[in-house]
Amino acid sequence: MTDRETRVSELAARYLPADVLERFRERADVYDRENRFFDEDLAELGDLGYLTLFVPETHGGPGLSLFEVTRLQQRLAAAAPGTALAINMHLMTTGVVKALADRGDDSLNWVFDEVMAGEIFAFGISEPSNDWVLQGSNTEAVPTADGGYELSGVKIFTSLSPVWTRLIVHGAVASDDDGIAGPDADEPAEGRLVYGFIERDAPGITVSDEWDVLGMRASQSRATILDHVPMKPARVSRVIPAGKHPDLLTFAITSNFQLLIAAVYAGVAARALELGAAGLHKRKSAKAGVTFAEVPEARTRLADAHLDFMPVTAMIDAYARDFDDLIDHGAGWPLRLVGARIKSAEAARRSAETALMCTSGSGFGNKHELSRLFRDATAGLFHPPSADAARPMYAAALLDG
């Protein structure tokens with residue numbers, strides 16, 4: 001192995017040893033059937049130091065790179081996709097802070113200290129019908145006299161809902177001069193967006209009890225309702241124009257979010273292909289007198305899914321290393337980042353469907369791991385931006401100069 005791959009193997013043994021992953025895989029079925037949060041997994045990950053992966057050594061953590069963390073997340077997702085998807089939101093937030101620090105912005109370094117003190121961070125950006133995502137918000141942010149804001153709105157798919165203690169959020173700044181960026185306008189209003197953090201014990205926060213979904217059930221990604229929730233002045237990170245205005249914070253959010261989500265679905269795809277291969281070896285063809293692993297049609301089906309999967313891990317590796325190395329792809333970054341996540345999610349769905357066919361009726365049963373993986377893979381349809389929302393960006397890159 002190369003030095004880089006040796007390093008990845010050492011990190012895997014340190015933070016996600018095989019015996020731990022086996023326990024996670026066994027519990028994943030329980031969490032799914034009982035529709036409950038992964039409390040036991042979270043406790044073990046905490047004991048292993050997994051929540052501190054991005055924290056620099058100067059703040060007491062290991063200071064891993066985005067490349068290294070995406071590799072670990074693929075390994076975790078292959079065992080427990082719901083756990084991996086939810087813990088992604090804490091890792092994403094800390095990865096954003098590390099990305100800023102790596103680029104000379106230490107304004108959010110307090111996050112590292114809070115992580116080391118045991119705080120759990122989550123991601124509160126997604127909103128109902130807000131396909132502007134980072135460029136606009138349906139949440140109203142009213143300035144307060146002390147320099148903070150009061151936020152009112154609804155955040156959806158808030159993973160880690162039962163346990164988060166800090167939530168990164170954004171809102172449209174309300175004033176006499178600035179409109180609020182809404183989903184019905186052709187462009188976000190010429191207003192401003194505030195980004196910052198709110199605390200779980202702040203007044204006005206309600207976490208929904210509703211989470212009965214198809215897949216990724218352990219993530220407990222419930223809606224969070226904000227009713228005049230205070231954002232303290234010291235927790236305000238940025239006030240930036242709405243719309244397409246480059247900013248280091250939103251770039252760091254996009255990069256960490258897209259690549260860490262991609263890593264989860266790459267892990268799901270890899271595990272599905274493993275189970276598909278095992279299914280072909282286990283089943284014997286009455287017609288051919290050999291296992292289906294030797295039947296050309298079955299081999300071709302699995303090979304095609306494997307072929308679709310292989311570029312995904314290469315994309316994640318390459319883009320994560322470029323991000324770590326501060327490579328400037330300029331306007332090409334969104335194309336790379338979003339493409340890696342969309343293709344990873346597609347590969348997960350394709351691999352899970354193929355694996356189901358390889359296992360035949362057994363994989364269709366709810367007690368089979370593939371039944372859960374197939375449902376978990378469908379969650380990849382709902383991470384922003386969708387393929388439909390992203391296509392204009394790819395067309396414009398080629399057609400609009």
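User: Where is phenylalanine 54?
Analyst: Phenylalanine 54 lies in the loop between α3 (39-48) and α4 (66-79). Helices here are DSSP runs (H or I, at least four residues), numbered from the N terminus. This is a predicted model: local features need pLDDT of at least 70, side-chain atom pairs count only at pLDDT 80 or more, and totals for chains, interfaces and linings use all residues. Residues are numbered from 1 along each chain as its sequence is written, and side-chain values use heavy atoms, with hydrogens and water left out.

User: Is phenylalanine 54 buried or exposed?
Analyst: Phenylalanine 54 is buried, at 2% relative accessibility. Buried means under 20% relative accessible area (1.4 Å probe, protein chains only).

User: Which residues is phenylalanine 54 in contact with?
Analyst: Leaving aside neighbours within four places in sequence, its contacts include Leu91, Phe112, Asn256 and Leu260. Contact means heavy atoms within 4.5 Å.

User: Switching to helices. At what angle do α7 and α11 cross?
Analyst: The axes of α7 (residues 248-282) and α11 (residues 369-378) cross at roughly 150° and come within 10 Å. Therefore α7 is roughly antiparallel to α11 (angles over 145 degrees count as such). Axes are lines fitted to C-alpha atoms over the stretch in contact, with angles from 0 to 180 degrees between N-to-C directions.

User: Which residues make that contact?
Analyst: From α7, Tyr265, Val268, Arg271, Ala272 and Leu275; from α11, Glu369, Leu370, Leu373, Asp376 and Ala377.

User: What does isoleucine 87 contact?
Analyst: Leaving aside neighbours within four places in sequence, isoleucine 87 is in contact with Phe38, Leu42, Leu45, Tyr50, Leu51, Gln73, Leu76 and Leu160.

Notes
Helices (H or I, at least four residues) and strands (E, at least two) are DSSP runs, numbered from the N terminus. Angles under 35 degrees count as roughly parallel, over 145 as roughly antiparallel, 65 to 115 as roughly perpendicular and the rest as oblique. Buried means under 20% relative accessible area, exposed over 50%, partly exposed in between (1.4 Å probe, protein chains only).
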